[in-house]
Amino acid sequence: MARMKFLCDAERCIECNGCVVACKNENEVPWGINRRRVITLEDGLPGEKSISVACMHCTDAPCAAVCPVDCFYTTADGIVLHDKDLCIGCGYCFYACPFGAPQYPQREAFGVRGKMDKCTFCAGGPLPDNSDAEYEKYGANRIAQGKLPLCAEMCSTKALLAGDGDVVADIYRQRILKRGGRPKTWGWETAYPEGEA
Amino acid sequence: MIGHSRRFVFTVALLAALGGCYEPPEVTLYEPGVYKGTTDPLLEKLRSGERQSQLLERFKTVQTDR
């Protein structure tokens, strides 16, 4: 069984934010919520790198582990989804998520949180596939149509990949072999330079 | 006569108010790690090998390096 994963190749990402726009447009994401964001490291400096971040559909998802009402479920191929009818908007998942993926609409005064919203890997939610109700609540269900997330499908530089983790890893491995190394923007050597550890 | 009609109106209003306070008695008892929401029809579709091969074909068509 495949395990669906996102991978953003920082060497290829040009910070065009096309993935963010595609996601918002495809899923009619409300104003103030970004299911996907592009993060730039060392912005404006030589060697700056950008990565596109959304829900990474963790195998052992911390959001699901802390949810007090267990509104999360995982599909057979590893897509982490949630039921907005169960969500109480407590925000625990936001604090647990290392990627800041869970988002909350703030339509009321005093910072009252609405139901959590996050990337669904374009797989909708627990409502009839491609129904109006599903689209309104969770966005598009491209997986049910045999398509993959639009953010990755429209990425012009093929920096963002989304699909079976094994196939994605093979592509990335070939790229690394061709380049002769991995980027040094982050990792152990960057965090602990020699002589400072 | 007026007293009767007032009593009738009061009774109807009381019944309406009490009816508005009704809550369904079904309560969801949460258990750690058990999802008790609506079943996603997509789950069944994704178990089939046909959908998997369709998604793989899509990936090869759209996302592989050129």
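**Notebook: salt bridges and the A–B interface**

Glu11(A) is partly exposed, at a relative accessible area of 37%. I started there. The model is a predicted one, and I kept that in mind throughout.

**Entry: the partner of Glu11(A).** I looked for what the side chain of Glu11(A) meets. I found Lys49(A), in a salt bridge at 3.6 Å, N to O.

**Entry: a longer link.** Next I took up Asp117(A). Asp117(A) forms a salt bridge with Arg35(A), and the closest N and O atoms are 2.7 Å apart. I traced both ends. Asp117(A) is in the loop between helix H3 (92–96) and helix H4 (132–138) of chain A, and Arg35(A) is in the loop between H1 and E2 of chain A, so the bridge ties together parts 82 residues apart in sequence. Are these two residues buried or exposed? Asp117(A) is buried, with a relative accessible area of 4%. Arg35(A) is buried too, at 4% relative accessibility.

**Entry: a pair within one helix.** I moved on to Arg173(A) and Asp170(A). Their side chains meet in a salt bridge of 2.6 Å, N to O. Both are in helix H6 (residues 165–179) of chain A; because they are three residues apart there, about one helical turn separates them. Arg173(A) is partly exposed at 48% relative accessibility. Asp170(A) is partly exposed at 37%. I also noted a network: salt bridges with shared partners join Glu26(A), Arg142(A), Glu153(A) and Arg58(B). Over all chains, I have 13 salt bridges on record.

**Entry: across to chain B.** The rule finds two salt bridges across the interface of chain B and chain A. I counted 10 residue pairs in polar contact between these chains. Which helices of chain B supply at least two residues each to the side that touches chain A? They are helix H2 (41–47) and helix H3 (49–62) of chain B. H3(B) gives the largest share of that side, eight residues. By type, the side of chain B that touches chain A holds 12 nonpolar, eight polar and nine charged residues.

**Entry: extent of the interface.** I looked up the contacts next. In all, 29 residues of chain B are in contact with 42 residues of chain A. The area buried between the chains is about 2800 Å², and carbon and sulfur atoms give 59% of that area. Tyr35(B), Phe59(B) and Gln63(B) supply 22% of what chain B buries against chain A, more than any other three residues.

**Entry: backbone angles.** I picked out two positive phi values in residues other than glycine. Glu42(A) has phi near 55°. Glu42(A) is in the loop between strand E2 (37–41) and strand E3 (49–53) of chain A, and is partly exposed at 44% relative accessibility. Lys158(A) has phi near 60°. Lys158(A) is in the loop between helix H5 (150–153) and strand E6 (160–164) of chain A, and is buried at 6%.

**Entry: confidence in chain B.** The mean for chain B is 86, and 95% of its residues reach 70 or more. Within chain B, confidence is highest in H3(B), at 91, and lowest in helix H1 (residues 2–20), at a mean of 86.

Terms used:
Residues numbered from 1 in each chain as written. Chains lettered and ligands numbered in written order. Predicted model: local features only at pLDDT ≥ 70, side-chain atom pairs only at ≥ 80, totals over all residues. Heavy atoms only, no water. Helix = DSSP H or I, 4+ residues; strand = E, 2+ residues; numbered from the N terminus. Buried < 20%, exposed > 50% of the residue type's maximum accessible area, 1.4 Å probe, protein only. Contact = heavy atoms within 4.5 Å. Buried area = accessible area lost by both parts, 1.4 Å probe. Salt bridge = Lys/Arg side-chain N within 4 Å of Asp/Glu carboxyl O. Polar contact = N/O pair within 3.5 Å; in protein donor to acceptor, adjacent residues only side chain to side chain. Nonpolar A, V, L, I, M, F, W, Y, C, P; charged D, E, K, R; others polar. pLDDT = per-residue confidence, 0-100.
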